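Visitor: I'd like to learn how to read a model like this one, feature by feature. Could you walk me through it?

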Amino acid sequence: MNPVIPMKSIVDRARIFARRAVRAWRYLRNKLTILWLRAKGCGIDWTAIIHPEAVFDLSGGKIRVGAHTSVDKGVIIRAMGGYIKIGSNCSVNAYSFLSGSGGLDIADCVMIASHVSIYASNHVVSDTTIPMNRQGMTMHGIVVRDDVWIGTGVRILDGVELAPGCVIAAGAVVTQSTHPFTINGGVPARIIGYRLSSGPSRLTELPTSLL
Ligand SMILES: CC(C)(COP(=O)(O)OP(=O)(O)OC[C@H]1O[C@@H](n2cnc3c(N)ncnc32)[C@H](O)[C@@H]1OP(=O)(O)O)[C@@H](O)C(=O)NCCC(=O)NCCS
């Protein structure tokens, strides 16, 4: 006699199967995305997690993404003849835009929230007799050190270096380099706080090796 399998058990098994199938499909889709990007010439680590709707545009430059770094939906990474290097264990959230004309170097454990713009170039605007789009560009490059958190909607302009451990508050426009473990916000960004809750609480009390 056939044992009676309760309906609930069939539904539970179907759910588990569906969950596993989705996980397997996502895993495969991620590997195929990386394979395709590597074939295009991007140096993406096999352990990275790349959303298939992220755009990687080499445009004559170089793009590198390190181990366990995730790049979310709608992110645009455009080398523009320069380079963009993102280290390991970083996250780039949805709809952020990274432009690397003058070189963009992002270290490890950096969190980039959604809708962030990082532009490693500027237009020259000093001559009023010819259109700005014919005056060329300046390109100094941008460096983001380890363990930086960049909040949503932040704009980072060319030539700045974000120091290790600093926070950039939501909506800030960063025009100057930052100090380690500081919290920076506003337009243009200024120090609005310090991460260190114990020990040195002011910038002058930080070990000089960190400044
Ligand atoms: C920077 C941040 C972490 C500070 O958080 P917090 O320590 O809780 O700060 P508080 O809310 O206590 O505010 C401290 C001061 O900073 C100011 N401040 C906070 N956020 C600010 C911002 N985004 N821009 C400008 N000033 C800001 C506050 O007005 C306050 O100023 P006051 O002391 O003169 O009143 C937080 O405001 C922020 O911007 N988080 C980013 C969120 C985000 O992007 N999430 C995406 C997930 S990846």
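Guide: Below we go through the helix, the sheets, a hairpin, the ligand shell and some backbone angles.

Guide: Some ground rules: this is a predicted model, where local features need pLDDT of at least 70, side-chain atom pairs count only at pLDDT 80 or more, and totals for chains, interfaces and linings use all residues. Residues are numbered from 1 along each chain as its sequence is written.

Visitor: Which residues make up helix H1, and what span should it have?

Guide: Helices here are DSSP runs (H or I, at least four residues), strands are runs of E (at least two), and both are numbered from the N terminus. The expected span of a helix is 1.5 Å times one less than its number of residues. H1 covers residues 7-40, so its 34 residues should span 50 Å, and the end C-alpha atoms agree at 49 Å apart.

Visitor: How many residues of H1 are buried?

Guide: Buried means 20 or more other C-beta atoms within 10 Å of a residue's own, exposed means 12 or fewer, and partly exposed is in between, with C-beta atoms placed from the backbone. By that count, two of the 34 residues in H1 are buried, so the helix is hardly covered.

Visitor: Which residues of E21 are on its covered face?

Guide: In a regular strand the side chains alternate between the two faces of the sheet. For E21, Thr182 and Asn184 form the covered face, while Ile183 and Gly185 form the uncovered one.

Visitor: What sits in the hairpin of E21 and E22?

Guide: Four residues lie between the strands, and Gly186 takes a positive phi near 100°. A cis peptide bond joins Val187 and Pro188, with omega about -10°, and Pro188 is in that loop.

Visitor: Which residues come nearest the ligand?

Guide: A residue is near a molecule if its C-beta atom, placed from the backbone, lies within 6 Å of it. Of the 13 residues around the ligand, Ala113, Gly151, Thr152, Ala169 and Gly185 come nearest. E21 (182-185) and E22 (190-194) each supply at least two residues of the shell.

Visitor: Where is Ser59, with its positive phi?

Guide: Ser59, whose phi is near 30°, is in the loop between E3 and strand E4 (62-65). With 13 C-beta neighbours inside 10 Å, Ser59 counts as partly exposed.

Terms used
Two strands pair if DSSP finds at least two bridges between them.
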